[in-house]
Structure formats: C-alpha cells, structure tokens
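Please open the model in your viewer and keep the sequence panel beside it, so that each stop can be selected in turn.

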Amino acid sequence: MAVGIPANAAWTLPTLPDRDREAWTMPLDQYVSVGQIELAYAQELMLEPCMAETTGADATVPWRDVDAAAYAAERQPIRAFDLADARERGYHVPETTDPGEAAWREFQLRQTSAAETTARDACLDELYSQHPELLSGALGSFTGSVSDVAIRLSNAAFLAAREDDAVLATVPAWTECMAGAAAVTGFPLAATPAGMPTPEMAAAFASSDPTTRVSDEEIALAGSDALCRESSGYLDALYDAEWRRQLTVPHDYGERLAQVDTGAVAAAKETVARALTRLTPERP
C-alpha cells in the first residue's frame with residue numbers, strides 16, 4: 001500500500017482515450033489485451049514467409065474464422081446493442097461456429113522435423129525483434145490475469161450503468177417509441193431495453209443459436225429497438241453512465257493495472273489486427 005493511501009481508496013485511471021460512443025470506447029479498454037486466439041493465429045500468419053524461406057517446407061496456415069473462435073472461447077467486454085447489430089443479425093448472438101478449427105488443429109499438431117523446429121524458433125526470435133509489443137503487450141485473458149481483471153471491471157460497470165437513474169429516465173421514451181413495433185409482433189415489451197429480447201422473443205426467434213435463420217420479423221423488431229434506443233437518448237445515457245463508472249476502480253485492482261504498459265497493449269492489438277486483415281487466407 002502506498003504511504004498515505006488507504007487500501008480501499010479508489011484508483012483513478014491516469015490516462016483516458018478519446019470518447020467515441022459509436023465504437024463504444026471505454027477507459028478500461030486500454031488494459032484489455034489482444035485475445036490469445038487472435039494472437040496465436042496472427043503470429044503463425046506472420047511466421048509463414050520466414051518458415052517457407054528458411055526450410056522450404058509447406059508452412060501454409062489454413063483459414064480460420066478467428067472472430068467466431070474468440071467469441072466462443074474468450075470473455076470480452078460487453079458492448080451495447082445498436083443498429084449495426086440489429087441489421088446484421090437481429091437479436092441473434094454472434095457466430096460461434098469455427099469451421100476452420102479442425103484444419104487449424106491439424107496444422108498445430110502436424111509432425112515437424114528437428115530442423116523445422118529450430119527454424120521456427122529463429123523465425124519467432126526475428127518476429128519478436130521486429131514486433132516486441134507481441135511479448136510485452138500480450139497480457140493473457142485467463143482468469144486472474146490483468147486483462148481478465150479489466151474485463152470483469154468493464155462488465156460490472158456496464159451492468160451497473162443499465163440501472164443508472166439517468167439511463168432509466170429514458171425508458172418511457174423508448175417504450176413509447178417501441179409501441180408500434182411491439183403491436184405488430186404481438187410480443188409484450190421488456191421493462192427496459194436491457195431486457196430485450198424477452199425470453200419469449202428469444203425462444204420464438206431462436207436467437208441464442210447463431211446457426212438458425214434470422215427472420216425478417218426479428219430484423220424489423222430489432223431494428224426498431226435499436227432506433228428507439230438512439231432516439232430516446234438511452235444509448236447516450238448508457239454510454240455516459242458506463243464511462244463514469246470506469247473512471248475509477250478499487251485501489252487493489254488499480255495497483256495491478258498501473259503495472260501495464262498500455263502503449264504496448266495498443267501496439268499489440270494494432271499489429272495483430274493488421275496481420276489478420278492482410279494475411280488471413282480466403283475461406284475455402
């Protein structure tokens with residue numbers, strides 16, 4: 001404990017990102033590391049040219065839907081439902097099926113010679129010398145890691161923000177806005193936008209199963225919901241409420257977050273995102 005600071009005192013985040021409600025940028029984002037699934041896949045993509053040049057062996061990395069794999073396996077900060085989500089998938093949860101998983105597992109478990117193993121170690125050393133952020137900025141997402149702490153704090157802030165007085169004050173306007181769409185579907189509305197879709201809606205739309213078809217009725221209702229969250233001021237109020245709750249964290253957590261090189265975290269995310277965009281092969 002720092003001298004003069006009680007153990008239970010709040011720790012204020014020293015630096016803040018620019019506010020961006022459309023991207024739902026939050027103060028704690030800077031402490032959330034790149035996901036381990038994305039990192040592992042991106043590294044193999046970046047190693048591929050070095051391995052081919054060094055060994056002449058076929059080190060072609062197979063296609064994989066890393067977004068679906070990551071969503072299924074890793075907890076990430078919750079983000080608010082918006083019009084982009086509604087138009088893309090209604091209330092359906094994001095895709096979790098990873099059709100490239102088998103090919104990826106086969107690639108990882110393939111038999112390699114001692115020469116290939118040595119070459120890979122050398123290629124990794126070269127990669128890390130070019131991109132040291134991949135080592136210093138990858139905090140892990142396992143339970144108890146610094147990144148996991150930031151994710152849990154982010155999720156708690158989001159859940160608390162939904163019960164904020166200023167957020168709840170927008171609910172009557174949202175309810176009034178949704179009256180027509182609700183009448184068309186015949187489903188009773190949830191008490192607040194946070195309750196959408198209701199269990200009855202989710203069952204009718206099979207929205208918990210990402211492999212099922214998204215109906216026109218679901219798209220229409222979800223689209224109206226998203227537009228009403230916007231016009232009622234709900235999303236603005238929710239963003240403000242979550243932002244306020246993320247400005248400080250319990251001091252014990254703050255001591256851990258203070259050890260993070262946020263610049264390296266941001267650089268690692270950028271490097272991985274760029275590699276995935278540029279190098280991911282076409283889906284077979």
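Buried here means under 20% relative accessible area, exposed means over 50%, and partly exposed is in between, with a 1.4 Å probe and protein chains only. This is a predicted model, in which local features need pLDDT of at least 70 and side-chain atom pairs count only at pLDDT 80 or more, while totals for chains, interfaces and linings use all residues. Residues are numbered from 1 along each chain as its sequence is written, and side-chain values use heavy atoms, with hydrogens and water left out.

Begin by selecting Ala206, which counts as partly exposed at 27% relative accessibility and sits in the loop between helix 10 and helix 11 (216-231); helices (H or I, at least four residues) and strands (E, at least two) are DSSP runs, numbered from the N terminus. Although Ala206 is not a glycine, its phi is positive, at about 50°.

Trp24 is not a glycine either, yet has a positive phi of about 55°, and its relative accessibility of 5% makes Trp24 count as buried.

Now select Met196 and Pro197, which are joined by a cis peptide bond with omega of about -5°. Pro197 belongs to the loop between helix 9 (171-185) and helix 10 (199-205). Most residues other than glycine have a negative phi, and most peptide bonds are trans.

Finish at Arg229 in helix 11, a residue that is buried, with a relative accessible area of 5%. Which residues is Arg229 in contact with, leaving aside its neighbours within four places in sequence? They are Phe81, Trp174, Pro193, Met196, Tyr234 and Leu235, where contact means heavy atoms within 4.5 Å.
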